[in-house]
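Me: I have a structure open and would like to learn how to read its features. Can you take me through them one at a time?

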Amino acid sequence: MTTTAAPSTARTGPARATFTHPGVAFGCDWNPEQWDRSVWREDVRLMRDAGVDLVAVNVFGWSQVEPRPGEYDFRDLDEVMDLLAEHGVRANLGTGTASTPPWLTTRHPEVLPVAEDGTTRWPGGRQAWCPSSPVFRERSLALVEQVARRYGDHPALALWHVSNELGCHNALCYCDTSAAAFRRWLRDRYGDVGALNAAWGTTFWSQRYGTFDEVLPPRATLSTRNPGQVLDFQRFSSDELLGQLRAETAVLRAHSAAPVTTNFMVTDHIRDLDYFAWAPHVDVVANDHYLDHRLADPTTELAFSADLTRGVAGGAPWLLMEHSTGAVNWQPVNLVKGPGEMLRNSLTHVARGADGVCFFQWRASTQGSEKFHSALVPHAGTASRQWREVLELGATLDRLDEVAGSRVQADVAVLFGWESWWAVDGENVPSTAVRYREQVLAAYAALRAQGVTVDVVSPSAPLDGYRVVVVPALYLVRDEEAAAVARFVEAGGTALVTFWSGIADERDAVRLGGYPGAFRDLLGVRVEEVAPVLPGDVLTLDTGQRARLWSERSEAVGADVLARFADGPAAGDPAITRRAAGLGSAWYVATALEAPDLADLAGRVLADAGVATDPALAAAGVERVVRAAADGRRWTFLVNHSTTDVALPARGYELVTDTAVAGELVVPGGAVRVLREEPVR
Ligand code: GLA
C-alpha cells in the first residue's frame, strides 16, 4: 500500500524511556531490501539459530520508504517488522534519514554539503546533506514522523536508531546556509560582536569584525586560519548535528514510548562530535568501533574507546552498535581477524561495560561499495569459519546474560576532552608531531601495562571516588576544571599531568605567567619555553630514561625533581617532578617518555596512590576488568591476547566454559574467561 503523508496526530509521550533487554544483546544491521524476499525467512531463521536478538533495520531506507516526495510505501518494512516480531527478534528501528534519496538533492541541490575549498560534495555516496539545511530538516522530520507513527507501538520495536553515525562524513559543512547558521550560533554565544572579537583575538592580522554578518566559516585560506574561529566552528558543527538528533528524537518521543539512541563513533579517526555533550540526549549510549590497523596497537585503542564510551555514558552500561566479524572495506589493506579474535574483541567491549554486541552487517552485500565488508553471513554462506564463530559468540553471550546491568570498577580516571583534541591538532602549534589522541593513548597504554582499569571521563566529570587522575595533554582547560583537579589532590588524590596541559582557556587564549598555565601552581613547575625536538630524535634523562618529541625549559617551584633532561634543548631542566599538595601529590612529566619508561612512571604514580597493580599479568597479555552489580555480585573478565595459556588463582564460577573454579583458573591463549566471584562470607 502506498500512503500519502497524513497530518500529525502527535500524542504526548513520556520524556525519557529506558532501554531494557533480557541479558546481553546480540545484534546486527539487517538490510533485507538488498535481498530477494525468499532470503528473508532464511535470515530470521538463522538469526534464531545464532541467538541474534536485536536487529537494526531501515537505517538507509529513505529512498525505499519514500520513493517520491510525500509518498510513502511501507509494505516491505511492514513485512520485515512483522517477520521480526513473529520470530522474537527485537527491532532497533532506523529513522531512515541517514542518506538522502536522489529526488531530494535533485529538487533541492542546496541540501548538498560544501567542503572548505568551496567545492560541492555530490550525491552518489552517502550522507550528502548539510547539517544546517532547513530543507533537509523539514524533509527528514516528515519521514521520521511517518515512521514513528507507523511503528511507534509495533511489537517488534525495542529501540529507535536515529539516522546513522551522524557526522561520519558531513560534520563540517562550509556552504552559505552553514555560514548563516554559524553566525546565529555565534550571536547566541557572544551576544555582541565585541565579545566575539575579544574571544577570537581578532586584532591579530586585521581580522576585527564590525558586524556578525561579516563572519564566515573557516573556509580554505591562503595562510593559516584564526584558531578561535576554527575552534568555535568545531563546537558549532557538533551542536548543529546534535540539533538533528534532538529534532528527530522529539518527533519519535511524541509518537512512541520506545527508547532512543544513535550510533556514536568514539574512535581514533573521527573527531568532530563532542559526545559528552550528546550523551544526555539519548536514552542509551551506543557506539560503533572498528579495529584500525593503521595504528601501531589497535587493541589498546579498542580498550580505550570502550572505556571512553563508558565515560560518555556516565559509567552506565552501553551498546556496541557495530563492529565487524572480520575485515572492513575502508582501510588501505583490510586485515581479517584471527581465530577467536572476534569473540575476544566482543567480550573486551562487554568487559568494559557494553550490554550488547552488534555488528555491521547481517549478510554480506553483493553490490554497493561495502560488498567486501565482512558480515555475520559471509559470501561463502554458513559453511564457513566466520559463521561458526558467530554461533559460538551467540552461545557465549547467552551465558553472560547475568552481567547485564552491572558496572565497571575503576580507581583511575583519565581526563579526555574533544575541545583539546580540536585545539592540539590544529594549525600553527609548536609541533605537529604532537597529536592529542596519541598522547592520551600513550598515557592509557602505560596504565594498561600496569594492569589497572581506567575510566576515561570528561574534564568536568566528578573526580571523587578515584585515587589517581591522569591528565594527558589537556591543552584547553577551564578554570573550574583545573580547580577540580587541584581540589582532588588537596583531598588526598594523586594526579599525573603530562606535557602540553593547562596551556589555554576555553577561548584557546594562552594562560600567562609560564606553562603549564592552569596547572602551574598545583604542579610546582614553571615552564618558560617549550622546546619540541624532531620526531626521530631521542632525548635522554639523567635517570637513563628515554623520551621523544618534546622538552621544556623550566624550573621547579616547590616540586621535587625526579629526573632532568640530560641532553637536548632543555638539558639540565626538570623532566619529571612530584609535588606534595595537601593530602595528595601532583606529578608532572614534561616530555613524551618512551612506552616502557612511561609505563614505569605510571607504576610509581599508582604505587604512590596505593592502587593495586598487576604488571606481570598485563605483560603476559591478559586484560583484567571487573564488573559489579548493585547487589554485590562481581564478575572478573580475563581477556588473553597472547598465544600462551595463563593460570591464575581463582574461585567461583566461570561463565564461558560453564564450570566451577576452585583454586586455579586457566585462560587459554587467545581466549576469554569470565569468573563470577564467590561472594565473600
Ligand atoms: C559504519 C556505518 C555502517 C558501515 C560500516 C562499515 O559503521 O555505520 O553503515 O558503513 O561503517 O564499517
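Reply: Start with the largest cavity: α14 (436-449) and β24 (592-593) each supply at least two residues of its lining. Helices (H or I, at least four residues) and strands (E, at least two) are DSSP runs, numbered from the N terminus. This is a predicted model: local features need pLDDT of at least 70, side-chain atom pairs count only at pLDDT 80 or more, and totals for chains, interfaces and linings use all residues. Residues are numbered from 1 along each chain as its sequence is written, and side-chain values use heavy atoms, with hydrogens and water left out.

Me: What is a cavity, and what is a pocket?

Reply: Both are found on a 1 Å grid over the protein atoms alone. A cavity is a set of points where a 1.4 Å probe fits but cannot get out. A pocket is an open set with protein on both sides within 12 Å along at least five of seven lines. Lining residues have an atom within 4 Å of a point. Grid points are joined across faces, edges and corners, and a volume is the space filled by probe spheres set on the points.

Me: How many cavities of 30 Å³ or more does the structure hold?

Reply: There are 6. The largest cavity has a volume of about 70 Å³. Its lining includes Gln-439, Ala-442, Phe-499 and Leu-598. α14 gives the largest share, 3 residues.

Me: How many salt bridges does the structure hold?

Reply: First the idea. Side chains of opposite charge can pair when their charged atoms come close. A salt bridge here is a side-chain nitrogen of Lys or Arg within 4 Å of a carboxyl oxygen of Asp or Glu. The structure holds 42 of them. Take Arg-225 and Glu-116, with the closest N and O atoms 2.9 Å apart. That pair links distant parts of the chain, 109 residues apart: Arg-225 is in the loop between α7 (193-200) and α8 (227-255), Glu-116 in the loop between α4 (102-107) and α5 (134-151).

Me: Which strands does a salt bridge link?

Reply: Look at Arg-526 and Glu-555, which meet at 3.5 Å, N to O. Arg-526 is in strand β17 (residues 525-530) and Glu-555 in strand β20 (residues 552-556), 29 residues apart. Arg-526 is partly exposed at 31%, and Glu-555 is partly exposed at 38%.

Me: How many aromatic pairs are there?

Reply: The structure holds 31. Rings of Phe, Tyr and Trp (its six-membered ring) pair if their centres lie within 6.5 Å; planes under 30 degrees apart count as stacked, over 60 as edge-to-face and the rest as tilted. Trp-200 and Tyr-209 are edge-to-face: 6.0 Å centre to centre, 80 degrees between the planes. Trp-200 is buried at 5%, and Tyr-209 is buried at 15%.

Me: Why is the pair of Phe-276 and Trp-418 edge-to-face?

Reply: Because the planes are at 75 degrees, with ring centres 5.3 Å apart. Phe-276 lies in helix α9 (residues 275-278) and Trp-418 in helix α13 (residues 418-424), so the pair ties together parts 142 residues apart in sequence. Trp-418 is buried, at 2% relative accessibility.

Key:
Buried means under 20% relative accessible area, exposed over 50%, partly exposed in between (1.4 Å probe, protein chains only).
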